[in-house]
Amino acid sequence: MILNYDCLRDTLLKLEEILLITDDLAFSPVNLDALCGELPLYEKEDVFYCIFLLNNARYIQADITYLANGGVRTLAIKTLTWEGHEFLETIRPDSTWQKIKEYLAAVGGKSIHAIKFIGVKLLEAKINTIF
């Protein structure tokens, strides 16, 4: 399966927006169907794959249970992690995201590590113009 990096970014942005903490200070999980309803530009399979990888990378906390045949029984996304917030901040601005995609095209490869590296460098460059 091919990872759709625009879907990955949009998934993180949407999760940050819709994930809540209840009055009892509990995380209010979001399921896959609800998230897909918020991301109509992407196929359910693409959104699930992003959730699966973001969870494995520990950028989000999600509980996923599987059926005996390997299908998903339940999926509940609880929260973004510290790492997830850090990663999102390096790719948040649209202008930064477009530059990241340009650099990735120039080097001919894509990886989460490369995206984060370029995002951090662009953020550092912006900070250096202030000081």
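Is Leu41 buried or exposed? With a relative accessibility of 77%, Leu41 counts as exposed; here buried means under 20% relative accessible area, exposed over 50% and partly exposed in between, with a 1.4 Å probe and protein chains only. Leu41 sits in the loop between H2 and H3. From Leu41 to Ala106 there are 65 residues in sequence and 26 Å in space, C-alpha to C-alpha.

A word on ground rules. This is a predicted model, in which local features need pLDDT of at least 70 and side-chain atom pairs count only at pLDDT 80 or more, while totals for chains, interfaces and linings use all residues. Residues are numbered from 1 along each chain as its sequence is written, and side-chain values use heavy atoms, with hydrogens and water left out. Helices (H or I, at least four residues) and strands (E, at least two) are DSSP runs, numbered from the N terminus.

Let's take H1, residues 5–18. At the start of H1, a side-chain oxygen of Asn4 comes within 3.0 Å of the backbone nitrogen of Asp6. The buried residues of H1 include Tyr5, Leu8, Leu12, Leu15 and Ile18, and also Arg9 and Lys14.

H3 covers residues 44–56. Its 13 residues reach 18 Å from first C-alpha to last, close to the 18 Å expected at 1.5 Å a residue. Buried in H3 are Asp46, Val47, Cys50, Ile51, Leu54 and Asn55. They cover an arc of only 165 degrees around the axis, which puts them on the same side of H3; the arc is that of the directions from the helix axis to the C-beta atoms. The buried residues of H3 pack against H1, H2 (32–38), S4 and S5, where contact means heavy atoms within 4.5 Å.

**Aromatic pairs**

There are 2 aromatic pairs in the structure. Rings of Phe, Tyr and Trp (its six-membered ring) pair if their centres lie within 6.5 Å; planes under 30 degrees apart count as stacked, over 60 as edge-to-face and the rest as tilted.

Phe48 and Phe52 make a tilted pair, 6.1 Å centre to centre with 35 degrees between the planes. They are 4 residues apart in H3, so about one helical turn separates them. Phe52 is partly exposed, at a relative accessible area of 28%.

In the pair of Tyr59 and Phe87, the ring centres are 5.0 Å apart and the planes are at 20 degrees, so this pair is stacked. Tyr59 lies in the loop between H3 and S4 and Phe87 in H4, so the pair ties together parts that are 28 residues apart in sequence. Both Tyr59 and Phe87 are buried.

**The sheet**

Now the strands. Three of them form an open sheet in the order S3-S5-S4, with antiparallel pairing; two strands pair if DSSP finds at least two bridges between them. S3 (30–31) and S4 stand at the edges with a single partner strand each, so one side of each has no neighbour in the sheet.

S4 (residues 60–66) and S5 (residues 72–80) are joined by 7 bridges. Ile60 stands opposite Leu80, and Asp63 has Ala76 as its bridge partner. The hairpin of S4 and S5 has 5 residues between the strands, and there Gly70 takes a positive phi near 95 degrees.

**Loops and single residues**

Positive phi also turns up at Leu25, near 65 degrees, in a residue other than glycine. Leu25 is in the loop between S1 (20–21) and S2 (27–28). Arg58, which follows H3, has a positive phi near 65 degrees too, and lies in the loop between H3 and S4.

Here are some accessibilities:

| Residue | Relative accessibility | Class |
|---|---|---|
| Leu25 | 71% | exposed |
| Arg58 | 64% | exposed |
| Thr81 | 19% | buried |
| Thr96 | 5% | buried |

What does Thr81 touch, not counting residues up to four places away in sequence? Its contacts are Arg58, Tyr59, Ile60 and Gln61. Thr81 itself is in the loop between S5 and H4 (82–91).

Thr96 belongs to H5, residues 94–107. Leaving aside neighbours within four places in sequence, Thr96 is in contact with Thr90, Leu122 and Lys126.

Conventions:
Polar contact = N/O pair within 3.5 Å; in protein donor to acceptor, adjacent residues only side chain to side chain. Expected span 1.5 Å × (residues − 1).
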